[in-house]
Amino acid sequence: MAQILVLTNALTPSTDVLPALGLLPHSVRVLPAEASVLVDGPAGDAVLVDGRRELAAARSLCRVLRATGLTQPLLLVLTEGGMAAVAADWGADDVLLDSCGPAELDARLRLAAGRNRLAAAEEAPDGGAGEIRAGDVVIDETAYSARVRGRQLDLTYKEFELLKHLAQHPGRVFTRAQLLQEVWGYDYFGGTRTVDVHVRRLRAKLGAEHEGAIGTVRNVGYRFVSSGREDGGALDAATLDEAPGGAGALPGAPRNG
């Protein structure tokens with residue numbers, strides 16, 4: 001679940017600016033359309049600027065936000081007519097029609113965030129593009145491979161995607177439902193027990209010394225622990241009982257992850 005900041009001067013809820021936001025589980029906060037609100041304001045995973053009615057003001061705001069060093073994805077919400085005026089020098093990462101659907105909105109948010117991460121990796125002096133380093137774990141997004149202290153991990157596709165997602169947000173706690181949505185996607189209809197099964201497999205492949213890299217937050221979900229030394233690395237019976245479906249094997253779970 002992402003934290004979305006909506007900058008608008010309209011005295012209406014965020015769903016009036018972009019109705020699709022109301023159909024997604026993201027946390028949304030509406031703020032005045034001023035660059036100053038982000039200086040001491042809340043941190044967000046993405047910033048949406050309302051340009052439906054005041055194109056010139058939206059253009060100026062986008063440029064000011066870029067000039068102040070905004071690193072989060074910056075998306076501009078426009079009407080059909082505004083699409084003809086927007087240009088690359090406005091500084092927005094992407095544009096959205098105010099009538100777009102939830103699937104398109106979520107995809108554009110993910111793509112914008114992904115482009116930012118890749119750009120940051122390319123600029124980092126100690127890492128290559130597409131490489132994520134978290135503690136002893138090194139993930140190569142380009143080669144779809146992961147290593148722990150130089151040892152290659154034999155991961156299925158979903159195991160790799162789950163490890164990558166957690167390592168990209170060290171310390172952040174994800175519920176099982178969030179992981180199911182963000183790693184498996186909206187089209188997956190299995191239960192959250194699938195997440196527990198894949199976490200258990202990942203911990204086994206990380207090995208006894210590093211299984212604690214995926215920490216359990218009881219009654220909530222999982223997080224990545226960069227030190228890899230959190231207690232409770234193995235999935236215990238109490239944790240399994242908290243998951244839907246209880247303990248035991250997952251019926252019909254695909255063996256290829």
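**Salt bridges and a helix contact**

R149 and E209 are both exposed (exposed is over 50% relative accessible area, buried under 20%, and partly exposed in between, using a 1.4 Å probe on protein chains only). Their side chains meet in a salt bridge, 3.0 Å from N to O, where the term stands for a side-chain nitrogen of Lys or Arg within 4 Å of a carboxyl oxygen of Asp or Glu. R149 sits in the loop between β8 (145-148) and β9 (151-152), and E209 in the loop between α6 (193-206) and β11 (214-217), so the pair ties together parts that are 60 residues apart in sequence. Helices (H or I, at least four residues) and strands (E, at least two) are DSSP runs, numbered from the N terminus.

A word on the model: it is predicted, so local features need pLDDT of at least 70 and side-chain atom pairs count only at pLDDT 80 or more, while totals for chains, interfaces and linings use all residues. Residues are numbered from 1 along each chain as its sequence is written, and side-chain values use heavy atoms, with hydrogens and water left out.

Searching the whole structure turns up 13 salt bridges. One of these pairs R110 with D106, with the closest N and O atoms 3.0 Å apart. R110 is partly exposed, with 48% relative accessibility, whereas D106 is buried at 6%.

Helix α4 (residues 157-168) holds another pair: K164 and E161 are 3 residues apart there, again about one helical turn. The closest N and O atoms of their salt bridge are 3.5 Å apart. K164 is buried, with a relative accessible area of 13%, and E161 counts as buried too, at 14%.

Turning to helix packing, α5 (residues 176-184) meets α6 at an angle of about 80 degrees, with the axes 8 Å apart. Axes here are lines fitted to C-alpha atoms, for helices over the stretch in contact, and angles run from 0 to 180 degrees between N-to-C directions. That makes α5 roughly perpendicular to α6 (65 to 115 degrees; under 35 is roughly parallel, over 145 roughly antiparallel, and the rest oblique). On the α5 side, the contact (heavy atoms within 4.5 Å) is made by R176, L179, L180 and W184, and on the α6 side by T194, V195, D196 and H198. These residues divide into 4 nonpolar, 2 polar and 2 charged, with Ala, Val, Leu, Ile, Met, Phe, Trp, Tyr, Cys and Pro counted as nonpolar, Asp, Glu, Lys and Arg as charged, and the others, Gly among them, as polar.
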